[in-house]
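Take a look at the protein below.

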Amino acid sequence: MLLSYQARHVQHLQKALTQMNVQLHHVITDLMGVTGQAIVRAIIAGERNAEVLAALRDRRIKADEAEIARSLQGSWRDEHLFSSKQALALYDAYAEQIAECDVELERLLGALKAHELPDDGLGDPSAARQRRTLFATSTPARRSSRPAVSI
C-alpha cells in the first residue's frame with residue numbers, strides 16, 4: 001500500500017516535468033534512481049542550468065551529458081516547480097514510512113527466530129487433519145435462511 005502511494009507521487013513528479021517540457025524520462029529510465037533523484041533534487045533546489053544538471057549523471061547512465069542537457073531544456077514554471085516540490089516531499093515521507101516498516105519487520109522476524117521448535121517438531125500433521133475431519137462430520141451444516149430457488 002505504501003509503495004503504491006509513493007509511486008503515485010512519482011507520477012505527479014513526472015507529470016510536472018512533462019508539463020514544463022522537461023523530457024528527462026526519454027534519457028533516464030528511472031526518475032527515482034541515482035541520476036534522476038540528483039537532477040530532480042537540484043532542480044527543486046533552484047538549479048536551472050542544463051549543463052550543471054547533466055553533470056550530475058551517474059556513470060552507469062547510457063546517455064551522455066549533452067543528451068541529458070538537451071532533455072533538460074524546458075520552461076521552468078513556478079506552479080509546476082511547486083507541485084514537483086510537493087510530490088518529492090510526499091515521496092520522501094512515504095520512503096520514511098517504508099523504512100519504519102522495514103525496521104519493524106526486522107524486529108518481528110528477529111523475535112520469531114528466537115523461538116525454537118520442540119525436539120519432536122510441531123506434531124503429526126495427520127492427527128490435525130483427523131481432528132478437522134472429525135469436527136466437520138460432527139457439526140451440522142448451516143442452512144441458509146433464504147428459500148432455495150429452483151430454475
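## Overall fold

Helices and strands are DSSP runs: a helix needs at least four residues, a strand at least two, and numbering starts from the N terminus. By that count, the protein has 6 helices and 0 strands. Along the sequence the pattern reads α-α-α-α-α-α. Keep in mind that this is a predicted model.

The protein has 151 residues, and 25% of them count as buried. Its accessible surface is about 11400 Å². Carbon and sulfur atoms hold 55% of that surface. Residues 24 or more positions apart make up 62% of them.

## Helix 2 against helix 5

How do helix 2 and helix 5 pack? Their axes lie 10 Å apart, at an angle of about 130°. Helix 2 covers residues 34-45, and helix 5 covers residues 78-114. An angle over 145 degrees would count as roughly antiparallel, and 65 to 115 as roughly perpendicular. The two helices are therefore oblique to each other. Their crossing is left-handed.

Which residues meet here? Helix 2 brings Gln37, Val40, Arg41, Ile43 and Ile44. Helix 5 brings Leu81, Ser84, Lys85, Leu88, Tyr91 and Asp92.

## Leu13, a residue in helix 1

Leu13 sits in helix 1. Is Leu13 buried or exposed? Its relative accessible area is 2%. The cut-off for buried is under 20%, so Leu13 is buried.

What does Leu13 touch? Leave out residues up to four places away in sequence, and the list is Leu31, Met32, Val40, Ser84 and Ala87. Ala87 is 74 residues from Leu13 along the chain, yet the C-alpha atoms of Leu13 and Ala87 are separated by 5.7 Å.

## The aromatic pair

A search of the whole structure finds 1 aromatic pair. The partners are Tyr5 and Tyr94. Two values describe any such pair: the distance of the centres and the angle of the planes. For Tyr5 and Tyr94, the centres are 5.7 Å apart and the planes are at 50°. Planes under 30 degrees apart would count as stacked, and over 60 as edge-to-face. This pair is tilted.

What does the pair tie together? Tyr5 lies in helix 1, residues 2-19, and Tyr94 lies in helix 5, so the pair links parts that are 89 residues apart in sequence. Tyr5 itself is partly exposed, with a relative accessible area of 29%.

Technical notes:
Residues numbered from 1 in each chain as written. Predicted model: local features only at pLDDT ≥ 70, side-chain atom pairs only at ≥ 80, totals over all residues. Heavy atoms only, no water. Phe/Tyr/Trp six-rings, centres within 6.5 Å; stacked < 30°, edge-to-face > 60°. Buried < 20%, exposed > 50% of the residue type's maximum accessible area, 1.4 Å probe, protein only. Contact = heavy atoms within 4.5 Å. Areas by Shrake-Rupley, 256 points an atom, 1.4 Å probe, with all protein chains shown as cover. Axes fitted to C-alpha atoms, helices over the stretch in contact; angles between N-to-C directions. Parallel < 35°, antiparallel > 145°, perpendicular 65-115°, else oblique. Left-handed = near helix turned anticlockwise from the far one by under 90°.
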